[in-house]
Amino acid sequence: MKVKHFSKYLFMVAILVSAIALSGCKGDKSDKNTNKAPATDDTSSKEQDHNQASDKDAIYGGSIVVGITQDLDSLDPHKAVAAGTNEVLFNVYEGLVKPNENGDLVPAVASEYQISEDGKMYTFTLRDGVKFHNGDAVTAEDVKYSIERCAGLLEETDPSVKVESALSNVKEVNILDDKTIQLVLDKGDTELLAYLTSAIVPANYDKLDTAPMGTGPFKFVSYAPLESFVVVKNEDYWGDKAYLDQVTFKISANTDSAFMELMAGSIDIFPYLTDDQATQLPDTYNVEVGNMNLVQALFLNNGAEPFNDMKVRQAISYALDRQGILDMVAGGRGTIIDTNMFSAFKKYYNTDLTGTYNYNVEKAKALLAEAGYGGGLTFTITVPSNYQFHVDTAQIIVEQLKAVGITAKIQLVEWNSWLEDVYKNRNYQATIVGLDSNLAPRDSVERFVSTASNNFINYNNPDFDATFEKAIASTVDEEKVEYYKQLQAYLTNDAASAYIQDPPLLVAVNKKLAGYTFYPVYVQDMAKVYYISE
């Protein structure tokens, strides 16, 4: 889930990336695997406001401080819910495969893989020389344990572990030999690879909650709740080693607090700048620009009044001037979206829905009258206070809704309260956040199945549920694409929520640093960041 958490950037130029092939997909020993997730090769997300230093200018060593505005909800990667946690743990953990900056899923703990033609069997060869941070070699037993843990297949399960519903399709995890793991699925699934980024952890280790133990380019040092998360370089990393010796992720209460530290020079990288803040930065920072690849929306609780009435939801959608929102909160930058999927998923993104709810005050008023709210209505927007971009968006929406006779009130809550009250208990009317997704199209829509535990908007449409089952069962690419487009149409036409934008991402980076890299998923990859020679 994302609160991917905001502001100046170049419009996206997304190129279609091919979907995972259905037969015999295999990487070679040099890791030049050509299989790509059905995601994006987003050229704009790699553009920056200054020239990147060449590698010959890179200096090994040094430490930096990265500002984040969300405390980690778990140090155990299989229990973490918030994207803000996973962006940090990306540096510590790896799966059998992992995403790169182009949207490819490349071998990681595995060196190569094969997918059967019917999508029912995935076979992985484990990479030589991969070690956990305590020096122990990764074994087939560790991989089997990790996958079974995420799939809910262990004999003794921990209820706090987040079972990936996609992995619940895994029937067996078999060790063929000490270097080969085979996943056998109940039903064919050509999208499963994107879920095998799940962290590989030691099978006989019970301290993940307090002392993370992964295979990534950085090792855990310390964690102080609401203060910091510290990692150091993994000298035994199997791949390209990190440049930096140490990275401290400093946890700030909100964007304003982090910005004050930026102004004071005590933070080296901060990825959540607002457009206004970017213009105020001292000249010791560069502002690098990308996109978030997430869906920001005014999410509506379909199970609570007044949003259990589709006409009210549609009225809200017509009442939003999305371009006006972008102009006010992001300097006009960003990508307006009309569905629950961000447009960089170009192959699957339903362009036919563009303009479904163009700004129309009179249409909004008419729908409210039909729903019995001709005299207006009042509701509350619950917003996590640590994300200024969402707070600013809420303030603009409050003003826009006045034009159709709606009084909206903003309730600011701490992030942990938002997770508990809104996301888990669904005790709210409306909220503004951003939702991310894995590099699989199903991840963008699965949370809206009526029975999904994370269906926090209480969306319920039997036709949607039936179409979703067809989408994940299909191994025919053209058919699958059409199913996903239909799923978006259900959500848009039902006005399940009022979709706004894929926000721009502004990152403040100390001018002494280079290598900051944008990804099509929500990560902060510190292994590529380095000091440059003066």
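The charged end of Arg127 sits over the ring of Trp238, 3.9 Å from the ring centre. The model is predicted, and every value here is computed from it.

**Salt bridges**

Across the whole structure, a search finds 17 salt bridges. Three of them are listed here.

| Pair | N to O distance |
|---|---|
| Asp158 and Lys79 | 3.0 Å |
| Lys162 and Glu164 | 4.0 Å |
| Arg442 and Glu446 | 2.8 Å |

Take Asp158 and Lys79, whose side chains meet at 3.0 Å, N to O.

Lys162 and Glu164 form another salt bridge, with 4.0 Å between the closest N and O atoms. Lys162 has 34% relative accessibility, so it counts as partly exposed. Glu164 has a relative accessible area of 19%, so it counts as buried. The cut-off for buried is under 20%.

Arg442 and Glu446 bring their side chains to 2.8 Å, N to O. Are these two residues buried or exposed? Arg442 is buried, and Glu446 is too. Elsewhere, salt bridges with shared partners join Lys79, Asp158 and Asp209 into one network.

**Aromatic contacts**

The search of the whole structure also finds 22 aromatic pairs. One of them is Phe90 with Tyr519. This pair is edge-to-face, with 5.7 Å centre to centre and 70° between the planes. It links distant parts of the chain. Phe90 sits in the loop between H1 and strand S5 (97-99). Tyr519 sits in the loop between S23 and S24, 429 residues apart from Phe90. Phe90 is buried at 17% relative accessibility. Tyr519 is buried as well, with a relative accessible area of 6%.

Why does the pair of Trp415 and Trp418 count as stacked? The ring centres are 5.2 Å apart and the planes stand at 5°, so the pair is stacked. Planes under 30 degrees apart meet that class. Trp415 and Trp418 are 3 residues apart in helix H9 (residues 415-424), which means a separation of about one helical turn. Both are buried. Both also belong to one aromatic cluster, together with Phe270, Tyr272, Phe299, Tyr387, Tyr423, Tyr428 and Phe456.

**Strand pairing**

S4 and strand S13 (residues 246-251) pair in the parallel sense over 6 bridges. Gly67 has Lys250 in S13 as its bridge partner. S13 also pairs with strand S12 (residues 228-233), here in the antiparallel sense over 5 bridges. In that pairing, Val230 has Thr248 in S13 as its bridge partner.

A further sheet is open and has 3 strands, in the order S3-S24-S23, with antiparallel pairing. Which strands stand at the edges? They are S3 (58-59) and S23 (513-514). Each has a single partner strand, so one side of each is left without a neighbour in the sheet. S23 is joined to strand S24 (residues 530-532) by 2 bridges, and the two run antiparallel. Leu513 stands opposite Tyr531 in S24.

Note on methods. Residues are numbered from 1 along each chain as its sequence is written. This is a predicted model: local features need pLDDT of at least 70, side-chain atom pairs count only at pLDDT 80 or more; totals for chains, interfaces and linings use all residues. Side-chain values use heavy atoms; hydrogens and water are left out. Two strands pair if DSSP finds at least two bridges between them. Helices (H or I, at least four residues) and strands (E, at least two) are DSSP runs, numbered from the N terminus. Buried means under 20% relative accessible area, exposed over 50%, partly exposed in between (1.4 Å probe, protein chains only). Rings of Phe, Tyr and Trp (its six-membered ring) pair if their centres lie within 6.5 Å; planes under 30 degrees apart count as stacked, over 60 as edge-to-face and the rest as tilted. A charge sits over a ring if NZ of Lys or CZ of Arg is within 6 Å of the ring centre and within 35 degrees of the ring normal.
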